[in-house]
Amino acid sequence: TPDRNRPLQPQLMGLVVGGPLASLLLGIGAVLIGSQLENHLGGLLLLTGSISLLIFLVTALPFRSGGMQSDGWQLIELLRGGASVVERQMIIEIMGYSLSGQRPRDWDRETVRQLEQLESREPVRQIVARLQALYHAWDREEMARVETLAAWLDQHLEEYPAGFRQAIHLELALLALSSGRSGDVKRHVDASKGGMVDPARRQLLTARLAFQEGQWEECRRTILAARKALARGMDAGLNLLTASQLDQLEAAAGLAERTGAPPPDHPVEQK
């Protein structure tokens, strides 16, 4: 997480340069050592070094693809300075909070407020900022904010890289279920298949769909699978939100099964 008491630009440049530099050093080292060995290990080192040098060349070149920026492009952007440095600092700061185990509702409110209003030239950065703000509002049960942010994300999702946008479709499917928008549910569920998605969030959606259909046994089984998947989750702060939502869903499912009552409208948000 960037230190606000130190200049931001060199901190972020170190973050961007670190990847290509590691590939370059590994490539040079592996090739030098491998060229001195006339055995199987030498061949493996030469292969490893060649691949690492290729990775260095690809990541160091300044280009954009599918909404993503290469390290070379990011370095040029940081050297230019300006708004991009501040935008990166805020996004990485919130990521740092979450990865260290801070729940979304406890993230710095002023930073989240700025992210929620961020108008960036980079669509990916703007979408990430709105998604972080959505988690914050959702965990605080500020559903009017959540609906506004969800509607914005729905309109701009195509600007997010393929393979990653499925995770946002999953969140929008959960919110559509809570709001009773059946047409949006199917659209987002279908679009959430595949891609890089948190396993516990995926299981939460499956459990929520089972709840909606009154399939209590399937709902309980999937909630258990989601809890197991939490151990594999990289984002400790988001894991806490997921665990809380699973608790609420499990309680709502148990109550509905015991009483024979129809599923409540907002089980994921109820306390």
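Predicted model: local features only at pLDDT ≥ 70, side-chain atom pairs only at ≥ 80, totals over all residues.
Local features need pLDDT of at least 70, side-chain atom pairs count only at pLDDT 80 or more, and totals for chains, interfaces and linings use all residues. Residues are numbered from 1 along each chain as its sequence is written, and side-chain values use heavy atoms, without hydrogens and water.

The structure holds 21 salt bridges (a side-chain nitrogen of Lys or Arg within 4 Å of a carboxyl oxygen of Asp or Glu). One of them pairs Asp-139 with Arg-103, with the closest N and O atoms 2.4 Å apart. Asp-139 lies in helix α6 and Arg-103 in the loop between α4 and α5, so the pair ties together parts 36 residues apart in sequence. Helices are DSSP runs (H or I, at least four residues), numbered from the N terminus. Asp-139 is buried at 7% relative accessibility, and Arg-103 is buried at 14%. Buried means under 20% relative accessible area, exposed over 50%, and partly exposed in between (1.4 Å probe, protein chains only).

Arg-187 and Asp-154 form another salt bridge, at 2.8 Å from N to O. Arg-187 belongs to helix α9 and Asp-154 to helix α7, 33 residues apart. Arg-187 is partly exposed at 38%, as is Asp-154 at 28%.

Arg-165, in helix α8, bridges to Glu-158 at 3.6 Å. Arg-165 is buried at 18%, whereas Glu-158 is exposed at 61%. Beyond four places in sequence, Arg-165 contacts Leu-157, Glu-158 and Tyr-160 (heavy atoms within 4.5 Å).

Gly-163 sits in the loop between α7 and α8. Beyond four places in sequence, Gly-163 contacts Gly-195 and Met-196.

Key
Helix = DSSP H or I, 4+ residues; strand = E, 2+ residues; numbered from the N terminus.
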